[in-house]
Amino acid sequence: MSGGITNLSRRAVLMGLGAGTFVLAGGLGNVSNAQEAPKKYGGEGMPGGLKDDPRLFVAVAADGTVTILCHRAEMGQGVRTSWAMVVADEMDADWAHVTVDQAPGDEGRYGNQDTDGSRSMRHHFQALRRIGAAARQMLAAAAATRWGVPVAEVTVDHHSLVHAASGRRLGFGDVAEAASSLPVPARETLTFKDPAKFRYIGRGDVGLVDGFDITTGRATYGIDVRRDDMVHAVVARPPVHGGKLAHYDVTEALTVPGVLKVIVLNAAPLPSGFLPKGGLAVVAENTWAALQGRDKLKLAWDDGPNASYDSQAYRAELEAAARSPGQVVRDDGDAPGALKTAKRQITAEYYIPHLAQAPMEPPAAVAQVTGNRCEIWGSTQAPQTTRQTVAKVLNIPEANVTVHQTLVGGGFGRKSKPDYIAEAALLSRAMDGRPVKLTFTRTDDLHHGYLHTVSVERLEAGLDAKGKPVAWLHRTVAPSLSATFAPGVKHETAAELGMGAVNTPFAIPNLRVENPEAEIHTRIGWFRSVSNIPHAFAVQSFVAELAAAAGRDPKDYLLDLIGPARQISPADMGDSWNHKEDPALYPYDTGRLRAVVERAAKEAGWGKPLPKGQGRGIAAHRSFVSYTAAVVQVAVDAQGKLTIPRVDIAFDCGPVINPDRVRAQLEGAVIQGISLATLGEISFKAGQVQQNNFDTYEVTRIDAAPKDIRVHLMPAATYDAPLGGVGEPGVPPIAPALLNAVFAATGKRIRSLPIRDQLKT
């Protein structure tokens with residue numbers, strides 16, 4: 001890789017054209033949309049759709065440098081690298097002459113740009129292959145014209161065009177300009193590279209294109225952006241969700257050296273979605289002065305309708321709801337009847353508190369409003385949503401909002417919500433167009449984020465004489481994230497229920513899933529893996545409990561419940577969502593689920609004896625149309641101290657594009673899964689978040705991390721198979737596998753997260 005990230009895509013393209021060097025840039029290819037079927041899935045079904053025009057994503061300079069534009073957010077998952085690998089491989093480009101640029105936010109031009117839902121490579125792999133193949137064929141056609149030979153006689157060989165019969169050879173740059181004037185080949189005329197000849201895809205030996213800049217501090221994140229004449233701002237927001245500013249006195253704040261202005265931000269009415277919470281913003285010459293000024297504000301709040309929100313009391317409400325019938329969302333057979341007549345009934349309730357994404361880089365952005373235009377520089381996962389939100393709060397056309405996407409210093413779903421960017425935009429307007437950097441402190445982030453929902457999951461099973469379930473009742477109770485955006489929402493949505501609640505694949509004749517009501521009292525949003533976390537925790541813990549009740553090995557019991565390999569239509573399980581993927585391409589494949597269970601168990605040495613005080617636990621889950629199983633090994637000493645010697649995680653996402661990045665994602669998922677299981681909790685008292693920083697909202701430190709994480713990737717037969725997601729599916733099975741291991745080691749069943757000191761009591 002010669003150039004790495006420049007993050008100045010528009011300028012790069014303009015420079016290339018101005019120098020007369022380029023070529024495959026320009027044009028708005030939207031031809032593919034005209035041929036789409038009415039029902040769209042995957043990338044085609046996303047807002048903005050999917051674009052595969054090489055002129056949008058590939059430029060070739062006269063010196064042969066290939067620049068590939070990535071329109072997804074880079075937040076540690078290596079998408080820029082993997083993205084370029086696919087295009088470069090299909091082009092047969094030399095990686096040493098490939099650079100990557102970051103696309104600005106422009107959904108109309110580039111297609112959907114939301115980096116969430118573990119979709120980047122899943123949605124785009126085939127489109128990227130088409131982009132690379134089309135670019136290769138355009139270059140070959142240009143070479144054929146230059147030589148006056150049939151295009152069929154031209155081959156592409158590692159950044160060169162070759163006419164074997166005459167021994168002639170040209171570089172990509174030699175024909176780039178001519179290639180740029182050729183029409184883009186139609187999809188049906190594209191020929192793809194033989195996967196056996198892939199140089200980069202699937203090999204795992206390509207380094208991160210931005211790895212050097214990231215590890216040496218040269219990379220620019222949202223919080224690093226500097227603009228001429230820029231000022232800095234922090235906001236004092238209502239401590240209770242839905243609260244408003246009642247009285248204030250800014251006299252002392254304005255005496256702080258460096259403080260320039262204090263600005264009122266109006267609170268949006270509930271449900272407020274991505275709109276700012278309101279409050280008082282202190283604008284200063286630097287962030288320190290702004291913080292000092294905020295400390296001097298004298299504020300009184302009207303706490304509004306959520307002033308009494310209390311986590312302990314609310315948990316009791318959720319538990320009460322879970323113990324009463326709720327909205328039936330799946331009903332196979334007669335679960336209530338079978339429960340009554342079963343030889344034995346087992347019941348358990350599981351609790352997961354609110355969680356915060358707590359990215360290492362807190363939310364930060366710079367905005368500059370000039371007239372009726374706004375320019376944004378920020379670490380956002382969703383540039384299009386940012387444009388829409390900023391346009392709404394400024395009351396300007398969406399097209400007048402420009403978003404420059406920086407590196408994202410951790411997102412986990414938080415930076416899909418542009419409330420902080422909207423605040424920056426409002427403040428820039430109030431500062432007469434000066435660029436304003438809005439920064440969240442860590443406390444701001446924990447107090448005013450979009451939390452992972454709190455949940456109680458109640459499961460009841462009826463067992464026959466052999467300990468096999470004949471009835472299964474699952475009640476899932478949690479405020480829906482949709483209630484953050486729409487009034488009156490008291491039930492989980494189809495998407496949330498499709499994350500491991502309704503689509504339990506077990507071969508049980510009587511199976512019911514219910515969803516009682518739950519009220520929302522704070523902002524709730526996406527957290528990595530979303531509702532898969534509580535559902536997988538409950539279901540996979542309960543399976544181990546049933547195995548114990550039946551006197552069975554939990555791995556064997558789990559496999560028996562999964563049953564024989566078969567492909568189940570998600571619709572047959574009440575799952576109308578299926579991660580927005582075509583159910584014909586993405587059925588629920590129990591054979592793949594079985595396979596990851598067997599692989600993880602085999603690799604972990606399942607069944608082999610362990611020292612006293614140690615145990616293994618297993619769990620498996622399908623999410624984002626990938627299949628994951630984990631075996632966690634724990635050791636618990638006499639004082640209740642928990643250590644984790646080893647985790648084995650088996651993963652089937654279909655074709656693997658960048659094995660190194662997939663392993664890294666799973667390793668990170670293991671750490672995050674352990675963190676939320678052992679430490680993570682956001683709690684409320686009198687409507688306010690009780691945690692302020694990493695001393696009270698702890699995350700797993702290196703000394704508590706597993707000593708050994710082993711990732712086992714399942715092979716795919718073909719690169720034409722549908723891809724599954726990678727970024728999120730590693731998280732859900734970790735907590736239940738860990739708690740199942742704790743039970744194996746100690747005989748103690750923990751059903752409430754986080755573990756914290758429960759092993760010491």
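Strand β25 (residues 642-652) pairs with β28 in the parallel sense over five bridges; strands are DSSP runs of E with at least two residues, helices are runs of H or I with at least four, and both are numbered from the N terminus. Two strands count as paired if DSSP finds at least two bridges between them. Phe651 has Leu713 in β28 as its bridge partner. The model is predicted, and local features need pLDDT of at least 70, side-chain atom pairs pLDDT 80 or more, while totals for chains, interfaces and linings use all residues. Residues are numbered from 1 along each chain as its sequence is written, and side-chain values use heavy atoms, with hydrogens and water left out.

Both strands belong to an open sheet of four strands, ordered β23-β24-β25-β28, with mixed pairing. At its edges lie β23 (614-623) and β28 (709-713), each of which pairs on one side only.

Helix α15 (residues 532-550) has 19 residues and spans 26 Å from first to last C-alpha, close to the 27 Å expected at 1.5 Å a residue; the expected span is 1.5 Å times one less than the number of residues. Because 16 of its 19 residues are buried, α15 is largely enclosed by the rest of the structure. Buried means under 20% relative accessible area, with a 1.4 Å probe and protein chains only. Just after α15, Gly551 takes a positive phi of about 70 degrees.

Lys555, Leu558, Leu559 and Ile562 in α16 meet residues of α17 that include Leu593, Val597 and Ala601, contact being heavy atoms within 4.5 Å.

Technical notes: Buried means under 20% relative accessible area, exposed over 50%, partly exposed in between (1.4 Å probe, protein chains only).
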